[in-house]
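User: Please take a close look at one part of this model and walk me through the contacts and pairing there. Keep it brisk.

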Amino acid sequence: MRIVEKLGLVLLVTLIVLGSLLVYLQTPHGFRHVIVPLAAKFTGVRFEVRDGMLTLAGLLYIEGFRYEDPTLGVTIDAERLTLRAAWWSFMPGAIPRIDDLQLQQAQILINMTSRASGTREAENGQTRTRPILVAVERARLEDLTVIVEQADHRIRGRVSALLNRLGPGQSGNVTIRTGFLRERKGIPDLLGTFDLNLPVEIAADGSSIAWNGSTRLFFRTSAGEFDPTDPEVVQVEQALAGNYQPASQSLKAASHLAISRAGTKLGTIDLT
């Protein structure tokens with residue numbers, strides 16, 4: 001009986017320790033001092049947070065985080081990230097599913113020079129892999145600034161985006177609104193707006209991804225409003241449709257562009 005009692009006591013203590021550790025890891029302190037350092041160590045990138053938590057229910061909440069990947073030339077600073085996901089969907093053989101994603105007050109900096117050199121080193125002796133299919137029920141990006149730098153060129157965009165029901169067996173939609181500014185040697189030479197409305201349908205087995213949507217682009221080379229009647233504003237309307245099959249990496253796409261200035265049609269372009 002003594003051996004049984006000792007084994008029972010050891011088992012009880014072990015369960016208490018594991019339970020306490022599990023509870024601790026779901027606290028902000030455990031997230032900052034255990035989960036974040038482990039994530040940085042195993043991924044090889046710099047990852048810092050001011051506050052946050054990760055729960056067994058699949059909630060990830062982060063405030064004031066910074067992500068740096070020198071290999072890809074990508075730096076992300078964000079005030080707030082909220083992610084709700086089905087944790088079991090990230091197991092091998094399953095399709096990862098994100099129920100809700102919100103990114104607020106963020107800046108993404110992409111250095112194309114660093115990215116190009118880092119990509120060449122990473123791909124040396126390696127073959128490309130297929131993109132991973134992820135199901136997204138809802139994702140919203142608010143107050144997002146994207147900056148792309150290459151040599152003396154710089155493009156800055158203010159982006160808002162909404163993604164709904166993107167996943168196998170679903171018909172979803174992607175909506176993006178962007179205002180952008182391009183600079184060369186610190187001097188603005190192009191500014192504009194870009195809107196995308198793209199319905200997307202994915203087969204139940206993920207074998208094909210089809211889309212049929214439209215974009216609208218306004219741009220000018222000097223400061224001012226984007227009035228379609230302004231002779232300095234160029235307007236480009238685009239209708240696009242296509243189908244992609246991940247297994248064979250087969251892509252079929254068609255696009256029709258109509259270009260106009262001050263209400264006068266300048267021409268059309270068809271691409272297939």
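Analyst: Buried means under 20% relative accessible area, exposed means over 50%, and partly exposed is in between (1.4 Å probe, protein chains only). Asp51 is partly exposed because its relative accessible area is 29%. The model is predicted: local features need pLDDT of at least 70, side-chain atom pairs count only at pLDDT 80 or more, and totals for chains, interfaces and linings use all residues. Residues are numbered from 1 along each chain as its sequence is written, and side-chain values use heavy atoms, leaving out hydrogens and water.

Asp51 sits in strand 1, residues 46–54. Strands (E, at least two residues) and helices (H or I, at least four) are DSSP runs, numbered from the N terminus. Leaving aside residues up to four places away in sequence, Asp51 touches Pro28, Arg32, Tyr61, Ile62 and Glu63; contact means heavy atoms within 4.5 Å. Take Ile62 from that list. Eleven residues separate Asp51 and Ile62 in sequence, while their C-alpha atoms are 5.9 Å apart. Now Arg32. Its side chain and that of Asp51 make a polar contact of 3.4 Å. Such a contact is an N or O pair within 3.5 Å; within protein, one atom must be able to donate a hydrogen and the other to accept it, and sequence-adjacent residues count only if both atoms are side-chain atoms.

Strand 11 spans residues 250–261 and holds Ser260. Strand 10, residues 234–245, pairs with strand 11 in the antiparallel sense over twelve bridges. Pairing requires at least two DSSP bridges between two strands. Within this pair, Ala239 has His256 of strand 11 as its bridge partner. Four residues lie between the strands of this hairpin, and Gln249 there has a positive phi near 55 degrees.

Strand 12, residues 264–271, also runs antiparallel to strand 11, joined by seven bridges. Here Ala258 stands opposite Thr268 of strand 12. The hairpin of strand 11 and strand 12 has two residues between the strands, with Ala262 at a positive phi near 55 degrees.

Back to Ser260. Its relative accessibility is 17%, so Ser260 counts as buried. Beyond residues up to four places away in sequence, Ser260 touches Val233, Val234, Gln235, Lys265 and Leu266.

For contrast, consider helix 1, residues 2–25, where Val13 is found. Val13 counts as partly exposed because its relative accessibility is 43%.
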